[in-house]
Amino acid sequence: EMFNRRVAVTAGVILIVTPYFLAYARLGYNNGQAILPVALAVYFLYAGFKRGSAFYLCAAGVAAGLGFYTYTAGRLAVLVSLFYFLYLFLTRQQAWWKLIVLGLAFLAGYLSMALPHLVYGNAVNPGLLRYKMLESLWINADYVPDYFPDKEYLDSVQPVEIEDNRLYLDGRIALHLFQRGLVRTLLSFNNSGLVREHFIASPLAGPVTSVFYVLGLAALIAGWRERRFVLLGLWLALALLTLSILNTFPPRQAHLVPVMPVVALLSAVGLTALADFANSRFPRIPTIYRPLPLTAGLLLLAYAGAQNYFSQMPRAYRPDLEAVISWAALVAAPDEKLVYLYGNQDEKEFKPYIVRVIRPDVNYQTLAVDELDFFTPDPAMSYAVFYRADLAGRVIPRLQTVLPDAQPPFTFLDRDSQPIGGAVMNGTLALKPHSQIDASQTDTFTPLVWWMAGLVVAWAITYGLAWLSKAEMSRQFVKEETK
């Protein structure tokens, strides 16, 4: 609707290979639910005004109302729609009577979907939404002291309590933290060091896609008078402002999930523009080869996204000690026993999730460090004894004495190469996957490989037939001219 089919397909491919999207698609976090209603609402909104269709505007209202039943960020669609209506009213691009009719259609669709939720929420817990909104504001007293540098000035300002939240209603404080949120949020799409959770190890726009995203932003700024770019700009700007910049602890990537489609679309605009520029530099290139720059760009993005998510990300988000023990429990044989050494009595009943739920049959026990000297291993069993990093100096010499044929200790590190724990073994228990490619990666890429292979075959057949047809027509033309 906004551009053409080539940009649409490119945006779809970019979206599904972006590590930001892959992380939340595989994480199971419910905030991913906000993507569909926001994208649907924006689509129907643009298509409705393009066609002058009350039906499409009603559908946009229904999609916007649907966002109220998902993650809170799904309500972004209502905000984008309101500002787009305001833009059309101020620029007088629609007759006022038509704008009213289409606005009423949108309102009818929105109320039909959202009103039951709003009425129920107001009846059961009317203050919950206001409380959550105030709790997340960038001037909240739980956030400000850690990031406002002038402690003396901060002590001179008293926060105001509103709905059980304490807020700093001070211009200097608000402006400083707003600037901080603005810079960090904008940089997060091109810098991988600002987001360190939720298994994201790349810029939010993607490891290579961020370059094309910047080109798309340039196109958006250049075309700011066009409706399509105005709508995309509102979608992006309102999301960044309300879901991250004006929030505590920006960038809030978990809140920003509804921007994934617009970032992919802008990146597709940038990539196709670059591909068109490359083709324009070689005007004599045969038509059959003109899709190659765009195809090469998409293949590069797919490789970069997959390599980042499936290779770089696991090295950045290393497993904690419980996850290491859980992996060992998954692959432990009946003659292998796992022992967890604890120094704090609070950990006496420590049992990893895999042992509690998935493999309760595995041989597992906890043992106090002080009881290690009285521990007698079963000769018929092989052991893997785990401990936290602060206990390493106390337990390693004793374990190498107690366990027969004890191997050198393993040390487990976090993403900053700091030790989090270790293990001493006297068997062959695997503490990491045997292969660099596991079943989950195979399941993920096998359909994609077959799909791309099918596309390549279809492309080859189509262009082969076109070439043969063109060659036959050329031969017939030469034959006619000769006669």
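Q: How much space lies in the largest cavity?
A: Keep in mind that this is a predicted model. Searching the whole structure for cavities of 30 Å³ or more turns up 1. The space in the largest cavity comes to about 80 Å³.

Q: Which helix gives the most to the lining of the largest cavity?
A: Three helices, α1 (5-17), α2 (19-27) and α13 (260-280), each supply at least two lining residues. Among the residues around the cavity are Ile 14, Tyr 20, Met 260, Val 263, Ala 264 and Ser 267. With 4 residues, the top contributor is α13.

Q: How many residues of the largest cavity's lining are nonpolar, polar and charged?
A: Let's look at who is there: the lining includes Leu 15, Phe 21, Leu 204 and Ala 205, and also Thr 18 and Thr 209. Sorted by class, the lining of this cavity splits into 9 nonpolar, 3 polar and no charged.

Q: Which helix gives the most to the lining of the second largest pocket?
A: Now for a pocket, with a volume of about 1,200 Å³. Its lining counts 35 residues, and the closest to the centre are Thr 72, Arg 75, Leu 129, Lys 132 and Met 133. At least two lining residues come from each of α5 (76-91), α6 (96-124), α7 (128-135) and α12. The biggest share, 6 residues, comes from α7.

Q: What is the class make-up of the second largest pocket's lining?
A: Two of the residues closest to the pocket's centre are Arg 75 and Lys 132, and both Arg and Lys count as charged. Across the whole lining, the tally is 17 nonpolar, 12 polar and 6 charged.

Q: Which residues beyond its sequence neighbours is Arg 75 in contact with?
A: Arg 75 sits in the loop between α4 and α5. Its C-alpha atom is 8.6 Å from that of Pro 37, even though the two are 38 residues apart along the chain. Setting aside neighbours within four places in sequence, the contacts of Arg 75 are Gly 67, Phe 68, His 117 and Leu 129.

Q: How many charged residues are in the contact of α3 with α12?
A: From α3, the residues taking part are Val 38, Ala 39, Val 42, Leu 45, Tyr 46 and Phe 49, and they meet Arg 227, Arg 228, Leu 231 and Trp 235 of α12. Of these, 8 are nonpolar and none are polar. The number of charged residues is 2.

Q: What is the handedness of the crossing where α4 passes α6?
A: The axes of helix α4 (residues 54-66) and α6 come within 7 Å, crossing at roughly 35 degrees. Residues in the contact include Ala 60, Gly 61 and Ala 64 of α4, along with Ala 105, Gly 109 and Met 113 of α6. By class, this contact has 13 nonpolar, 4 polar and no charged residues. The crossing is right-handed.

Q: Which residue does a cis peptide bond join to Pro 250?
A: Look in the loop between α12 and α13. The cis bond there has an omega of about 0 degrees. The partner of Pro 250 is Pro 251.

Q: What is the phi of Arg 92?
A: Arg 92 is found in the loop between α5 and α6. Although Arg 92 is not a glycine, its phi is positive, at about 55 degrees.

Notes
Residues numbered from 1 in each chain as written. Predicted model: local features only at pLDDT ≥ 70, side-chain atom pairs only at ≥ 80, totals over all residues. Heavy atoms only, no water. Contact = heavy atoms within 4.5 Å. 1 Å grid on protein atoms, 1.4 Å probe; cavity = no way out; pocket = protein on both sides within 12 Å on 5 of 7 lines; lining within 4 Å. Points joined across faces, edges and corners; volume = space filled by probe spheres on them. Axes fitted to C-alpha atoms, helices over the stretch in contact; angles between N-to-C directions. Left-handed = near helix turned anticlockwise from the far one by under 90°.
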